[in-house]
Amino acid sequence: MTTIGHFIDGKRVNGSSERRAEVFDPATGRRTGEVELACAADVAGAVEAAERAARAWRDASLSKRTAVLFAFRELVHARRGQLAEVITAEHGKVLADAAGEVQRGLEVIEYACGIPAALRGGFSENVSTEVDSYSLRQPLGVVAVISPFNFPVMVPLWFVPVAVACGNAVVLKPSEKDPSAALLLAEWFAEAGLPDGVLNVVNGDKEAVDALLDHPAVKAVSFVGSTPVARYVHQRGSLAGKRVQALGGAKNHMVVLPDADLDLAADAAVNAGFGSAGERCMAISALVAVEPVADALVAKIAQRMAGLRTGDGRRGCDMGPLVTAAHAERVRSYVESGITAGAVPVLDGRDVTPDGEPAGFWLGPTLFDHVTPDMSIYTDEIFGPVLSVVRVGSYDEAVDLVNANPYGNGTAIFTNDGGAARRYQHEVQVGMVGINVPIPVPMAYYSFGGWKASLFGDLHAHGADGVAFFTRGKVVTSRWLDPRHGGVNLGFPTQT
């Protein structure tokens with residue numbers, strides 16, 4: 001039985017807390033280890049290591065920082081298969097999906113390798129007589145990253161490479177459900193030449209989160225998780241004077257117009273609804289069918305779902321288990337609630353026969369038709385393989401439905417009408433929009449983030465917003481006097 005500790009000041013260490021949490025293989029239901037849950041003293045030790053390292057790292061040249069990032073990129077790329085196996089073993093998503101997660105993380109590392117261009121300031125000569133002005137962006141110091149269970153590699157890589165490239169030191173707290181990938185990333189960063197203490201990993205639960213939010217040396221916090229916790233992190237961190245970006249939950253809608261290619265839309269609905277067993281903040285969980293396409297579209301989706309193979313992600317299956325037994329039971333309760341509320345269960349995932357051990361945390365893909373906006377399967381973020389079809393009579397009704405939702409993370413529209421697509425991207429109150437693209441996750445050089453209850457804070461993840469979040473702007477006004485100048489003048493300075 002493995003005991004998983006922390007990574008502080010360049011090495012794996014055990015903390016002082018005696019609290020532990022169990023780590024499972026979701027495809028077998030077997031406990032594979034236990035992870036230490038950091039106390040406030042453990043977090044303080046990690047922050048102190050980061051403080052010491054930050055003083056030197058902020059003065060490291062851009063050439064030095066990019067050399068480390070390039071070396072780290074090569075290590076992750078060469079070992080991406082190993083990283084995918086660790087994700088599958090602790091999270092449960094199939095290996096192909098885990099490999100895709102690693103690839104999207106690699107794209108952010110590659111963006112961070114270009115940090116010299118992203119940190120360039122501006123310069124204006126002679127803003128006044130022989131006076132120049134220029135702008136700088138400088139690191140914050142120590143920053144914290146709190147990442148969720150569903151993307152144990154990609155989400156840390158949304159933040160850590162950019163924060164480090166900007167000259168900060170980082171304390172990363174991964175999910176206690178699947179902590180091993182974060183420790184690997186920290187070790188590989190050290191192998192790439194990152195100085196001790198610039199990246200630290202503390203495993204833990206709410207006690208560790210609160211310690212990070214309250215510690216005065218932590219200047220900024222990046223968080224991804226559910227909306228209630230994102231709101232809590234934003235409020236507590238802001239009250240402590242920190243800069244906070246807290247990415248919350250979602251209820252992502254896919255609108256299908258009558259002119260859409262229904263085969264393409266059905267493929268997209270299945271891919272976006274059931275990939276990673278629906279445990280994605282960008283998963284499509286509400287399909288809005290604009291009549292008269294609903295009957296045909298539901299039939300095509302059901303046909304595709306019938307061919308999906310649910311099972312152990314190491315056996316070439318299409319969809320794996322849910323992350324824990326408790327979460328699987330929670331999602332099952334939503335299926336029961338949908339039936340009780342009157343939704344039509346086209347396919348019930350509770351009946352699945354998995355290609356895996358019976359004790360795994362299984363629930364098959366589930367499809368509901370005739371869902372109404374008052375049902376819990378529509379209103380709540382289920383975070384599981386449950387797709388709800390809502391039928392509407394017009395484009396306007398579809399847009400009103402999406403905009404009335406409290407979440408605003410991602411949305412998609414499927415249509416062959418360019419005018420309708422352009423109108424939708426303009427009118428919809430959502431942060432990320434796909435046009436015939438079901439999961440509109442931006443590339444690393446753009447920024448990821450939603451609107452409304454899906455984001456607390458002003459700046460999104462990675463891209464230009466990421467650089468802005470992990471740096472502070474400074475403007476310098478400079479005059480270098482030549483020997484002709486001198487004398488005393490007590491008047492207020494003027495621009496002449």
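Is E107 buried or exposed? With a relative accessibility of 16%, E107 counts as buried, where buried means under 20% relative accessible area, exposed over 50% and partly exposed in between (1.4 Å probe, protein chains only).

1. **What you are looking at.** This is a predicted model, in which local features need pLDDT of at least 70 and side-chain atom pairs count only at pLDDT 80 or more, while totals for chains, interfaces and linings use all residues. Residues are numbered from 1 along each chain as its sequence is written, and side-chain values use heavy atoms, with hydrogens and water left out.

2. **The overall build.** The protein has 16 helices and 23 strands; these are DSSP runs numbered from the N terminus (helices H or I, at least four residues; strands E, at least two). Its radius of gyration is 25 Å, close to the 23 Å that the globule rule gives for 496 residues, so the protein is as compact as a globular protein of that length. That radius is taken over C-alpha atoms, and the rule is 2.2 Å times the number of residues to the power 0.38. The C-alpha trace spans about 85 × 60 × 40 Å along its principal axes, and 56% of the 496 residues count as buried.

3. **Two nonpolar cores.** A nonpolar core is a set of buried Ala, Val, Leu, Ile, Met, Phe, Trp, Tyr and Cys residues joined through side-chain atoms within 4.5 Å. The largest holds 72 residues, and F72, V76, L83 and W158 touch the most other members. Helix α6 (residues 154-165) gives the most to this core, with 10 residues. Leaving aside residues up to four places away in sequence, F72 touches I109, L157, L185, W188, F189 and A192 (contact means heavy atoms within 4.5 Å). A second, separate core of 60 residues includes A260, L322, L363 and I377.

4. **Helix α10.** This helix covers residues 262-274, and its 13 residues reach 18 Å from first C-alpha to last, close to the 18 Å expected at 1.5 Å a residue; the expected span is 1.5 Å times one less than the number of residues. Among its buried residues are L262, V270 and F274. Their cover includes β13 (252-256), β14 (284-290) and α11 (294-306). At the start of α10, a side-chain oxygen of D261 comes to within 3.0 Å of the backbone nitrogen of D263. After α10 comes S276, with a positive phi near 55°.

5. **Salt bridges along the chain.** A salt bridge here is a side-chain nitrogen of Lys or Arg within 4 Å of a carboxyl oxygen of Asp or Glu, and the count comes to 32. One of them joins E357 to R30, with the closest N and O atoms 2.9 Å apart. E357 lies in the loop between β15 (344-347) and β16, and R30 in strand β5 (residues 30-36), so the pair ties together parts that are 327 residues apart in sequence. E357 is partly exposed at 28%, and R30 is partly exposed at 47%.

6. **Back to E107.** E107 meets R104 in a salt bridge (2.8 Å, N to O). The two sit three residues apart in helix α4 (residues 95-112), about one helical turn. R104 is partly exposed at 25% relative accessibility, whereas E107 is buried at 16%.

7. **A network to look up.** Salt bridges also link K206, D210, D214 and R236 in a network.

Technical notes
Polar contact = N/O pair within 3.5 Å; in protein donor to acceptor, adjacent residues only side chain to side chain.
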